[in-house]
Amino acid sequence: MALLLPSLLLLLLHWSNAQPSPGYYPSHGLSPLRFYHGFNNLWGPEHQYVSGDQSSVTIWLDRNSGSGFKSNRPFRSGYFSASIKLQAGYTAGVITAFYLSNNEAHPRFHDEVDVEFLGTTPGEPYTLQTNVYIRGSGDGRIIGREMKFHLWFDPTAGFHNYAILWSPREIIFYVDDVPIRRYPRKSAHIFPLRAMWLYGSIWDASSWATDDGKYKADYRYQPFVARFTRFVAHGCSAYASPSCRPVRSSPFGVGLSSQQSMAMRWVQKHYMIYNYCLDPKRDHSLTPECWN
């Protein structure tokens, strides 16, 4: 029996650290878009390849350019996702992003909801950064609302689904249908309510992306490649009828179920590496949602 105890303890430890099921899967039943049915190239067309059946797009960064794409229409709410595979090896300074924004419609006073993969050095994990900007808080004097995570899998080994669910009441970030962050609407002043477009891009952010800019993009390792597939943009466009209802985030329609909340707590306990609300260097009078 004594010989079995170490094995039992290891098994219990594995169970305690195992990813819990969220119990509800927002991505299920949503059909993926063909690329040109939902998107167009925004910049760097020579650094973008769309598969023949339009089921996937590959974008890359080299010393000449990066690349980006943009949805054909704006949305006022919805569920937005893509399965993404990142590049292994040295990717410091490189950002791969999937995000909502109205920067072109409201320059210098825009809203934005970000999923960003911060490049890394060999042997170190990618950082997944989520962020929310409201009415110019990403312009000029930056007021970010960053929460950063490591992942419980290797994002370079295969495709994984990353999603933003945005409704008039909340923003929820998902990884493989597991909620990792919920940003509820506590006030109209600190919540994005204007229509936004969906974007994807890869670009050089050497000044801040990896260890606050310590490691830069090194073009000896170019091209830096990101692959996207299974695009979903399901929700209410800016032109939809007022009767269009937001996508359900849980079995109850809004919020998270107790099982989803448990899964999110598991992610935040084991894999969250930064929370702006817990940063003592931040001026939290600028982020009242942290204490309200």
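The model is predicted: local features need pLDDT of at least 70, side-chain atom pairs count only at pLDDT 80 or more, and totals for chains, interfaces and linings use all residues. Residues are numbered from 1 along each chain as its sequence is written, and side-chain values use heavy atoms, with hydrogens and water left out.

Rolling a probe the size of a water molecule over the atoms shows where empty space is left. Here the search runs on a 1 Å grid over the protein atoms alone; a cavity is a set of points where a 1.4 Å probe fits but cannot get out, a pocket is an open set with protein on both sides within 12 Å along at least five of seven lines, and lining residues have an atom within 4 Å of a point. Grid points are joined across faces, edges and corners, and a volume is the space filled by probe spheres set on the points.

The largest pocket holds about 930 Å³ of space. It is lined by 37 residues, of which Glu116, Leu118, Gln129, Trp208 and Ala209 are the closest to its centre. Two or more lining residues come from each of β1 (39–43), β6 (94–101), β7 (112–118), β8, β13 (197–204) and β15 (272–275); strands are DSSP runs (E, at least two residues), numbered from the N terminus.

The whole structure has one cavity of 30 Å³ or more. The largest cavity has a volume of about 70 Å³, and its lining includes Leu86, Phe117, Tyr126 and Ile202. β6 and β14 (224–237) are the elements that give two or more residues to this lining, and β14 has the largest share, with three.

Side chains of opposite charge can pair when their charged atoms come close. With a salt bridge defined as a side-chain nitrogen of Lys or Arg within 4 Å of a carboxyl oxygen of Asp or Glu, the count is six. One of them joins lysine 70 to glutamate 104, with the closest N and O atoms 2.8 Å apart. Lysine 70 sits in strand β4 (residues 67–71) and glutamate 104 in the loop between β6 and β7, 34 residues apart. Lysine 70 is buried at 17% relative accessible area, whereas glutamate 104 is partly exposed at 47% (buried means under 20%, exposed over 50%, partly exposed in between, with a 1.4 Å probe and protein chains only).

Glutamate 289 and arginine 145 form another salt bridge, at 2.6 Å from N to O. Glutamate 289 lies in the segment after β15 and arginine 145 in the loop between β8 and β9, so the pair ties together parts 144 residues apart in sequence. Both residues are buried.

Aspartate 139 lies in the loop between β8 (127–133) and β9 (147–149). What is the nearest side chain of opposite charge to aspartate 139? It is arginine 194, 7.1 Å away, and the buried aspartate 139 has no salt bridge (Lys and Arg count as positive, Asp and Glu as negative; His and the chain ends are not counted). The side chain of aspartate 139 instead reaches the backbone nitrogen of phenylalanine 109 at 3.2 Å.

Aspartate 279, in the segment after β15, is also buried without a salt bridge, and arginine 282 is 5.2 Å away. Its side chain makes a polar contact of 2.7 Å with that of tyrosine 274 (a pair of N or O atoms within 3.5 Å, one able to donate a hydrogen and the other to accept it within protein; residues adjacent in sequence count only if both atoms are side-chain atoms).

How values were computed: Helices (H or I, at least four residues) and strands (E, at least two) are DSSP runs, numbered from the N terminus.
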